[in-house]
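Thank you all for coming. Please take a moment with the sequence and the model, and then I will walk through a few of the places I marked.

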Amino acid sequence: MFYRSSNIVARIFDRQLRTPAPGTSVHHARKFYENLVPSYTVYEVECPDHSFRKFTDDGQYLISFSRNHQELIVYRPRWLSFSCKDEDCDQHDLPSKAKRFDSFFTQLYCVPLASCNELICKDFFLYMESNQFGLFATSTAQIHDAPAVGGAVQGVPSIEKITFHLLRLEDGSILDKKVFCNDFVNLTHNMGVFLYDDLLAIVSLRYQTIHILQIRDSGNLVDVRAIGEFCREDDELFLNSNAQHQLPGNHTENNIHQDQGQPNLGRSFLSGIKQRLLSFIFQGLWNEERDDTLRVQGLRKKFYFHFQDYVDLIIWKVQFMDRHHLLIKFGSVDGGPQVSRNADHHPAFVAVYNMDTTEIVSFYQNSADELYTLFEQFCDHFHATSRNSMYMNFISSHSNNIHALEQLRSIKDKASNSSQFVKKMLASLPFSCQSQSPSPYFDQSLFRFDDKLISATDRHRQSTDHPIKFILRKPPYSLKFKIKPGPEAGSMDGRAKKISSFLFHPILPLALSVQQTLFLQPSVVNIHFRR
């Protein structure tokens with residue numbers, strides 16, 4: 001079904017008379033957003049000096065934090081309403097009262113989350129749409145030169161206390177908490193935590209453990225399993241029971257060792273996940289050759305020569321593929337979270353792990369052409385979204401949108417080094433959870449825009465004094481609306497470095513642009529909406 005007219009009234013009549021093909025009704029309904037755009041801007045809105053995080057994926061809440069990173073403030077979006085005595089109100093400017101933040105949003109509550117020396121992690125927030133639960137995090141300061149004790153990885157920083165808070169967003173009630181002590185979880189842009197349906201994966205970088213939790217309907221965070229040193233629930237029991245039979249019979253000495261926490265019986269072994277990985281690599285190389293002589297030569301060259309490199313790999317990042325499979329990124333300590341911007345320059349590997357069988361299913365280096373082909377053709381399969389998140393199913397990618405695919409191939413053709421291009425593209429795997437906006441204005445089948453200045457990806461960007469244009473993809477290819485961060489007349493201080501963030505409502509023609517400098521000055525907030 002193709003709308004013959006760009007006029008919204010004609011499109012409504014068209015919709016009444018013609019039925020779209022099965023399975024395409026939502027896509028055709030989204031075409032109405034070509035007519036319903038945030039074409040009016042209120043510049044420098046009077047608003048609280050908060051750090052605005054994002055709209056929830058169902059559009060019910062706007063999440064923000066206080067500037068001291070101690071309190072959570074939640075708003076309900078509401079549409080602007082005001083009275084006008086004249087006949088043609090659209091030609092008049094908005095009254096001053098209508099230009100305030102509270103004309104568009106109603107504060108529901110303010111909840112103190114951080115305690116003592118903890119601060120709210122302003123870049124972290126996950127939303128469970130089915131129950132309207134929100135997951136937040138607070139933490140103490142990082143210790144960069146912390147000693148590697150108790151099996152910790154050398155070179156990974158430590159945080160004395162990390163607390164995850166599960167809240168019911170309807171009323172702000174704190175339902176449960178999960179605390180990690182002297183550990184490190186990468187909370188920037190949700191990188192170290194992934195939510196899929198009711199399952200939560202939290203990656204302890206310091207102790208190389210993937211903690212799988214379940215969020216119950218009652219609001220409880222329940223431990224399901226921990227994948228790392230052990231893979232099966234009875235692995236630790238099995239190793240301890242065998243070690244007790246093999247230790248010398250000096251019970252006094254054994255008791256002393258146990259009291260001091262020595263010896264660490266698992267320390268003489270590689271971790272369970274590392275053994276699974278090495279076994280998969282070995283078996284794959286073993287099956288490559290049928291001749292025993294060639295097989296031994298291949299193992300010596302490809303496995304034993306790189307054995308220590310494989311042993312030294314650490315888990316960087318994890319995402320769910322479904323309820324049974326994890327996509328795990330392995331790399332060296334040097335390429336860890338502190339240098340994530342240059343992650344494509346460090347050797348890295350991606351593995352698919354089956355939690356039920358505890359087996360590695362597949363294993364690729366981040367420069368593998370086969371993995372890139374899968375990434376290009378089946379990108380949506382890597383974006384594992386919860387079954388209840390209907391809005392997330394319409395995010396544009398190069399595997400579901402011809403315009404995004406053409407853009408990717410154009411970048412590929414211009415790349416001077418094919419291997420570096422593949423590494424750069426695959427550096428995004430595994431994807432961060434809930435890192436993209438489902439707003440229809442980022443649908444690349446509807447609008448064209450400069451993705452260097454703005455995109456669906458949740459990231460701060462260097463600000464520009466020029467408005468960002470959204471142009472129709474289809475005839476008449478006209479400019480539909482502009483988004484301009486910062487003051488209407490532009491910044492007075494051209495030397496100050498400014499960054500901008502954009503918060504688009506997932507359903508309504510409503511967006512916030514937030515421009516801030518690096519000197520802790522109050523942010524400039526603009527509201528863009530359809531008048």
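Predicted model: local features only at pLDDT ≥ 70, side-chain atom pairs only at ≥ 80, totals over all residues.

Phenylalanine 320 has leucine 326 of strand 17 as its bridge partner, and the two strands form a hairpin, with four residues between them. How many residues of strand 17 are buried? Of the seven residues in this strand, 325-331, six are buried, so the strand counts as mostly covered.

Let me turn now to charged side chains. As a general point, side chains of opposite charge can pair when their charged atoms come close. In this model the count comes to 15 salt bridges, and I will go through some of them.

In one of them, the side chains of aspartate 223 and lysine 178 meet with an N to O distance of 2.9 Å. This pair links distant parts of the chain, since aspartate 223 belongs to strand 15, residues 221-227, while lysine 178 belongs to strand 11, residues 173-183, and the two are 45 residues apart. Is lysine 178 buried or exposed? Its relative accessible area is 19%, and because buried means under 20%, lysine 178 counts as buried.

Another salt bridge joins lysine 302 and glutamate 288, at 3.4 Å from N to O. Here too the pair links distant parts of the chain, with lysine 302 in helix 6, residues 292-304, and glutamate 288 in the loop between helix 5 and helix 6, 14 residues apart. Both residues are partly exposed, lysine 302 with a relative accessible area of 39% and glutamate 288 with one of 48%.

A further pair is aspartate 14 with arginine 18, whose side chains meet in a salt bridge of 3.7 Å, N to O. Aspartate 14 counts as buried, at 6% relative accessibility, whereas arginine 18, at 31%, counts as partly exposed. Finally on this topic, Asp197, Asp198 and Arg323 are linked in a network of salt bridges.

My last topic is the backbone. Most residues other than glycine have a negative phi, and most peptide bonds are trans. With that in mind, please look at the loop between strand 22, residues 468-472, and strand 23, residues 479-483, where proline 476 is placed. The peptide bond from proline 475 to proline 476 is cis, with omega near 10 degrees. Tyrosine 477 lies in the loop between strand 22 and strand 23 as well, and its phi is positive, near 55 degrees, although it is a residue other than glycine. At 52% relative accessibility, tyrosine 477 counts as exposed, because the cut-off for that word is over 50%.

Elsewhere, the peptide bond from leucine 429 to proline 430 is cis, with omega near -10 degrees, and proline 430 sits in the loop between helix 11 and strand 20. Histidine 69, which is not a glycine, has a positive phi of about 60 degrees, and its place is in the loop between strand 3 and strand 4.

Key: Residues numbered from 1 in each chain as written. Heavy atoms only, no water. Buried < 20%, exposed > 50% of the residue type's maximum accessible area, 1.4 Å probe, protein only. Pairing = 2+ DSSP bridges. Salt bridge = Lys/Arg side-chain N within 4 Å of Asp/Glu carboxyl O.
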